[in-house]
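Let's walk through a structure together, one feature at a time. Keep the viewer open and ask as we go.

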Amino acid sequence: MSSIRVTVWNEFQHEKNNERVRAIYPEGIHATIATFLNAEEGISARTAVLDEPEHGLTEALLQETDVLIWWGHVAHGDVADEIVERVRQRVLEGMGLIVLHSGHASKIFRALMGTNTGSLKWRDDGEKERVWVIESAHPIAAGLGEYFEIPKEEMYGERFEIPAPDELVFISWFEGGEVFRSGCCYKRGLGKVFYFRPGHETFPVYHQAEVQRVIINGVRWAVKGEGAKVSYGRVAPLESVR
């Protein structure tokens with residue numbers, strides 16, 4: 001069986017401009033994620049960043065991508081609409097998409113959800129996050145306990161302006177009492193979309209084993225499975241059935 005081909009996309013801005021972030025992710029968030037994915041049997045990951053031509057997301061690369069992982073924060077507006085539409089079409093064709101943390105406000109997530117996904121509450125105090133597993137039998141939750149904790153994180157709180165998820169895998173609780181739908185699954189066309197909340201750039205969240213496990217599981221869930229072949233367009237005139 002061939003490997004799942006993953007592209008990890010990151011705007012790669014904080015790591016260049018913020019010493020604190022660079023100390024945690026010296027090669028970039030994208031490189032950290034790709035490294036632990038490549039350590040998994042059956043997954044082959046590469047990276048792309050905003051400042052590359054076509055943001056690294058050429059037609060050829062997307063055609064060779066089974067699952068795209070997206071991390072963005074301060075440069076959502078710098079992503080070209082043409083590239084957003086290119087990614088959206090690939091999702092509709094069956095490419096999986098995993099949107100991480102502040103990618104909730106990205107153009108691609110908004111385009112696929114059809115709502116103002118940037119609308120939520122937030123507070124950056126470095127407080128504890130407890131991620132509760134709501135659907136213990138879901139494949140994205142495989143290998144986890146009832147919950148796991150992230151020692152320091154940025155808080156996100158409801159109301160989160162998203163469509164009701166097809167499947168809600170995780171809910172997060174924060175020390176201030178806020179809660180948040182933090183693991184949301186959708187189907188768009190032939191593609192699967194998973195939004196996973198954790199991952200503020202100033203904390204070492206993507207070095208944590210449970211967070212890595214969720215992303216690995218998400219990749220395996222999001223990849224398009226084999227199905228029946230379909231056709232579209234005009235069909236031959238109806239003939240009586242004998």
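Q: What volume does the second largest pocket have?

A: Keep in mind that we're looking at a predicted model. The second largest pocket comes out at about 180 Å³.

Q: And which residues line the second largest pocket?

A: Its lining is L190, K224, G225, E226, G227, A228, K229 and V230. By class, that gives three nonpolar, two polar and three charged residues.

Q: How about the largest pocket: what is its volume?

A: About 340 Å³. Of its 15 lining residues, R5, D66, V223, K224 and E226 are the closest to the centre. Strand 1 (4-10) and helix 5 (81-93) each contribute at least two residues to that lining. The lining splits into four nonpolar, five polar and six charged residues.

Q: Moving on to the cores, which residues touch the most other members of the largest nonpolar core?

A: The general idea is that in soluble globular proteins, nonpolar side chains tend to be buried together. Here, the largest nonpolar core has 40 residues, and V6, I33, L37, I69, F170 and I215 touch the most other members. Helix 7 (residues 209-222) gives the largest share of this core, with seven residues. Apart from it there is another core of 32 residues, including L50, I108, M155 and I162.

Q: What is V6 in contact with, leaving aside its neighbours within four places in sequence?

A: V6 is in contact with L37, I43, S44, A45, R46, V67, I69 and V219.

Q: Why is helix 3 described as largely enclosed by the rest of the structure?

A: Count its buried residues, meaning those under 20% relative accessible area. In helix 3 (residues 29-38), eight of the ten residues are buried, so the rest of the structure largely encloses it. Those eight are I29, H30, A31, T32, I33, A34, F36 and L37. They pack against strand 1, helix 1 (14-17), strand 2 (43-49), strand 3 (67-71), strand 4 (96-100) and helix 7.

Q: Now the backbone: which residues does a cis peptide bond join?

A: As background, most residues other than glycine have a negative phi, and most peptide bonds are trans. In this model, the cis bond joins E158 and R159, with omega at about 15 degrees. R159 sits in the loop between strand 6 (147-157) and strand 7 (167-174).

Key. Residues are numbered from 1 along each chain as its sequence is written. This is a predicted model: local features need pLDDT of at least 70, side-chain atom pairs count only at pLDDT 80 or more; totals for chains, interfaces and linings use all residues. Side-chain values use heavy atoms; hydrogens and water are left out. On a 1 Å grid over the protein atoms alone, a cavity is a set of points where a 1.4 Å probe fits but cannot get out, and a pocket is an open set with protein on both sides within 12 Å along at least five of seven lines; lining residues have an atom within 4 Å of a point. Grid points are joined across faces, edges and corners, and a volume is the space filled by probe spheres set on the points. Helices (H or I, at least four residues) and strands (E, at least two) are DSSP runs, numbered from the N terminus. Ala, Val, Leu, Ile, Met, Phe, Trp, Tyr, Cys and Pro count as nonpolar, Asp, Glu, Lys and Arg as charged, and the others, Gly among them, as polar. A nonpolar core is a set of buried Ala, Val, Leu, Ile, Met, Phe, Trp, Tyr and Cys residues joined through side-chain atoms within 4.5 Å. Buried means under 20% relative accessible area, exposed over 50%, partly exposed in between (1.4 Å probe, protein chains only). Contact means heavy atoms within 4.5 Å.
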